[in-house]
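Me: I would like to learn how to read helices and a core in a model. Where do I start?

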Amino acid sequence: MIQEQLKSIDSTTNALNMMLEVAAPLSTEIASDMTNTYDSIVYKTSSLLERHSNLEGTDQLLFFFAVAIGSRDSDTGNHCERLVKIGSEFGAYLQLSPLEIRNLNWGAYLHDIGKIATPDAVLLKKEKLTPDEWEIMKQHAVIGEKICQPLASTKGVLPIIRHHHERWDGSGYPDGLKGHEIPYIVQVFQIIDIYDALISERPYKKGLSPELAIALMRKEAEAGWRNPELTEKFAEFIRKKAENP
Ligand SMILES: [Fe+2]
């Protein structure tokens, strides 16, 4: 199944063709039984495009699909919008360049775009995934990179798309990168992504307070999953933010 997925990506000469191929069934499915979801995708995409008015042509289409894919696995709510806000603030705190902050913001929308190739049976499964299903799920990082690779505008976002599930101790995927082998922009993205996931309410859990979220992130850093130094910088950023809201 994975090979078939990858073959279909390899045989696609550019990302646009692939997106157009999947667009028809996706929009039919949405229009037939999820009108509200469709409306919400259109609404979210148009407000996104308003805020990023320099996006045009293929990039607009790319963002439309990113929003549509995010809506398939709808637990995430406004996760992307919140990531853009906190990413811009933490990026400025770390004195990242405007281009790096822009890549971080695009990463918020595009990091899971490879899930376009993840079947519903795997993506939406409530029970624990089997080892084979887990392998399929993990492919979204590589597939997402392949989708965006032909687009010059996403060059700086590709590391986030491919490596957002790597872990500091090398136990992540797809490449098992360790420590500073994980690009810095990806490490920053991971920190804000996990923080937002922890503080957000989901249908199956309450949101944690910032203090509890930071405590849990420190535990994960101690367990070897994330850069401890950057985790501390983030804790300091959150503390200062609370002091000067
Ligand atoms: Fe992901």
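Predicted model: local features only at pLDDT ≥ 70, side-chain atom pairs only at ≥ 80, totals over all residues.

Me: Which residues of helix 5 are buried?

Reply: They are Cys80, Leu83, Val84, Ile86, Gly87, Phe90 and Gly91. The cover over these buried residues includes helix 4, helix 6, helix 11 and helix 13.

Me: What is the phi of glutamine 95, which follows helix 5?

Reply: Glutamine 95 has a positive phi, near 60°.

Me: Which residues of helix 12 are buried, and why are they on the same side?

Reply: The general idea comes from the helix repeat. An α-helix has 3.6 residues a turn, so residues three or four places apart point the same way. In helix 12 the buried residues are Ala213, Ile214, Met217 and Ala221. They lie on the same side of helix 12 because they cover an arc of only 95° around the axis.

Me: What is on the face turned away from that buried side, and what covers the buried residues?

Reply: The face turned away carries the exposed residues Glu211, Leu212, Lys219 and Glu222. Helix 11 and helix 13 are among the elements that cover the buried residues of helix 12.

Me: Why does alanine 221 count as buried?

Reply: The cut-off is 20 or more other C-beta atoms within 10 Å. Alanine 221 counts as buried because it has 20 C-beta neighbours inside 10 Å. Leaving out residues up to four places away in sequence, alanine 221 touches Arg226, Pro228 and Thr231. Glutamate 232 is eleven residues from alanine 221 in sequence, and their C-alpha atoms are 9.4 Å apart.

Me: What comes just after helix 12?

Reply: Glycine 224 is found there, with a positive phi of about 100°.

Me: How many residues are in the largest nonpolar core, and which have the most contacts inside it?

Reply: The largest nonpolar core has 44 residues, and Ala66, Leu110, Ile113 and Ile192 have the most contacts inside it. Several helices each supply at least two residues of this core, including helix 5 (79–93) and helix 12 (210–222). As for alanine 66, its contacts beyond four places in sequence are Tyr109, Leu110 and Ile113.

How values were computed:
Residues numbered from 1 in each chain as written. Core = buried A, V, L, I, M, F, W, Y, C linked by C-beta atoms within 7 Å. Buried ≥ 20, exposed ≤ 12 C-beta atoms within 10 Å, placed from the backbone. Helix = DSSP H or I, 4+ residues; strand = E, 2+ residues; numbered from the N terminus. Contact = placed C-beta atoms within 7 Å. Arc of directions from axis to C-beta.
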